[in-house]
Amino acid sequence: MRISKLLQMVPAALALTLSAPALAGDGAGPEVPKAIKGEECVEPTSDMRRNHMEYLKHHRDEALREGIRTKQYSLKQCLECHVAPEGDPQAPQDSSEHFCMACHEYAGVTIDCFQCHATQPKETASFHPLVTPGMKAIKDQAGRSGELLNQFAESHASKTRTGAIQ
Amino acid sequence: MSEDTNLKRREFIGNGAKLAAGLTIAPGVVVYGLSEASVPDRPAEEPASSERRWGMLVDSNKCATGCDKCVTACGEENGWDDSEPNSSPEQKAQWIRKVELRHKGTGKSHSLPMMCQHCENPPCVDVCPTNASMKRADGIVLVDRHRCIGCRYCMMACPYKARSFIHETLTDQEPHMPRGKGTVESCTMCVHRVDEGREPACVEECPEQAILFGDLNDPDSAIAQALTRYDSTAVREDLGLNPGVRYRGI
């Protein structure tokens with residue numbers, strides 16, 4: 001009788017201990033900035049929270065040593081979605097506004113990634129359709145890609161009017 | 001495009017890719033990239049293969065004395081041009097440098113760019129205690145900074161003095177080229193561009209087109225054809241390292 005009563009109490013006690021950290025985490029967790037692009041990550045959020053370091057570590061060796069350039073687990077690609085480029089109004093002003101660092105600081109994790117890796121994407125990322133080597137000079141003149149687009153639209157329109165381009 | 005009725009298949013595909021790379025702003029208005037669209041030689045999920053061996057042929061006859069466009073292009077592309085403000089010129093990173101050669105007897109002088117020669121048998125890889133110094137399957141010699149402990153043994157081993165050590169804490173690295181204090185680095189043959197199907201920055205920026213880049217293993221490539229047609233030399237051929245970078249006219 002006494003034993004069965006004790007046994008009845010075990011699940012209740014377990015539930016209490018399990019829920020305690022979850023309750024504490026609700027209000028006091030790190031303020032992690034929302035991603036600036038995309039609706040969902042390359043894996044479910046719970047999986048990414050637990051295993052992102054494994055994915056990154058696996059990918060870095062494949063990318064550097066073998067030349068496998070997939071984007072799914074690339075650190076550069078993390079930043080493309082999670083951190084705004086320099087000069088952008090959403091760009092992080094200090095480490096607490098940086099997606100990776102906000103959480104690492106909270107968790108007390110010291111990582112070396114950003115001693116070498118860029119902390120922000122560049123506006124002129126190479127996959128951008130506007131950025132080709134020959135356009136660099138024009139881009140420097142135009143300053144911003146929006147103006148650049150307008151310039152192109154204008155020049156194209158004027159050429160079409162004069163019949164230079166068929 | 002229209003005047004050449006004998007378009008080769010490769011050129012035709014290239015033109016198609018150029019069209020595909022065009023950007024539509026508004027209906028009927030399309031902007032095309034100014035330079036040739038780059039087509040990677042393999043899908044992203046495929047590793048580099050030893051069927052290729054990337055190499056360069058530098059024509060020292062074309063290379064102009066006093067011109068250092070390749071050096072500045074490399075520095076800007078990879079972010080080492082002004083990254084260490086507190087270091088002396090001897091300490092600063094130098095992935096590529098211009099060298100003047102003068103024949104003592106005749107007085108004839110040559111100019112040429114000198115960088116990592118991407119050896120087939122690289123001494124830097126032999127001596128590395130952590131396997132950080134490595135040769136990729138397609139012949140590009142790299143430093144895996146995840147493993148580099150900064151011992152600089154490879155710098156001692158390299159007969160071309162091609163490697164540099166970073167002495168200062170760096171910020172604002174290029175996203176495609178991570179660099180950091182306490183590691184060794186050298187010319188990567190712009191591996192990030194090569195994997196995208198583009199040419200290295202020095203090749204692209206040379207105003208004299210003195211550097212030819214391509215696959216040494218492909219007999220149809222421009223570089224392989226040039227190598228069969230012209231005399232070329234490897235620097236310190238006596239060491240038997242079989243560099244991927246060869247020179248004409250020295």
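Author: Helices (H or I, at least four residues) and strands (E, at least two) are DSSP runs, numbered from the N terminus. This is a predicted model, where local features need pLDDT of at least 70, side-chain atom pairs count only at pLDDT 80 or more, and totals for chains, interfaces and linings use all residues. Residues are numbered from 1 along each chain as its sequence is written, with chains lettered from A and ligands numbered from 1 in the order in which they are written.

Reader: OK, where is confidence lowest and highest in chain A?

Author: pLDDT is the predictor's confidence in each residue, from 0 to 100. In chain A, helix α7 (residues 145-162) is lowest at a mean of 47, and helix α2 (residues 45-66) is highest at 95. The mean for chain A is 72.

Reader: Where does pLDDT stay under 50 in chain A?

Author: Residues 125-136 of chain A are one such stretch, with 21 contacts beyond four places in sequence in the model. Where pLDDT is low, the predicted coordinates should not be read in detail.

Reader: Switching to helix α3 of chain A, which residues are buried?

Author: Buried means 20 or more other C-beta atoms within 10 Å of a residue's own (exposed is 12 or fewer, partly exposed in between; C-beta atoms are placed from the backbone). In α3 (residues 75-82) of chain A, they are A:Leu75, A:Cys78, A:Leu79, A:Glu80 and A:His82. Their cover includes α2, α4 (99-107) and α5 (113-116) of chain A.

Reader: And what's the phi of B:Asn131?

Author: Positive, about 65 degrees, although B:Asn131 is not a glycine. B:Asn131 counts as exposed because it has 11 C-beta neighbours inside 10 Å.

Key. Two residues are in contact if their C-beta atoms, placed from the backbone, lie within 7 Å.
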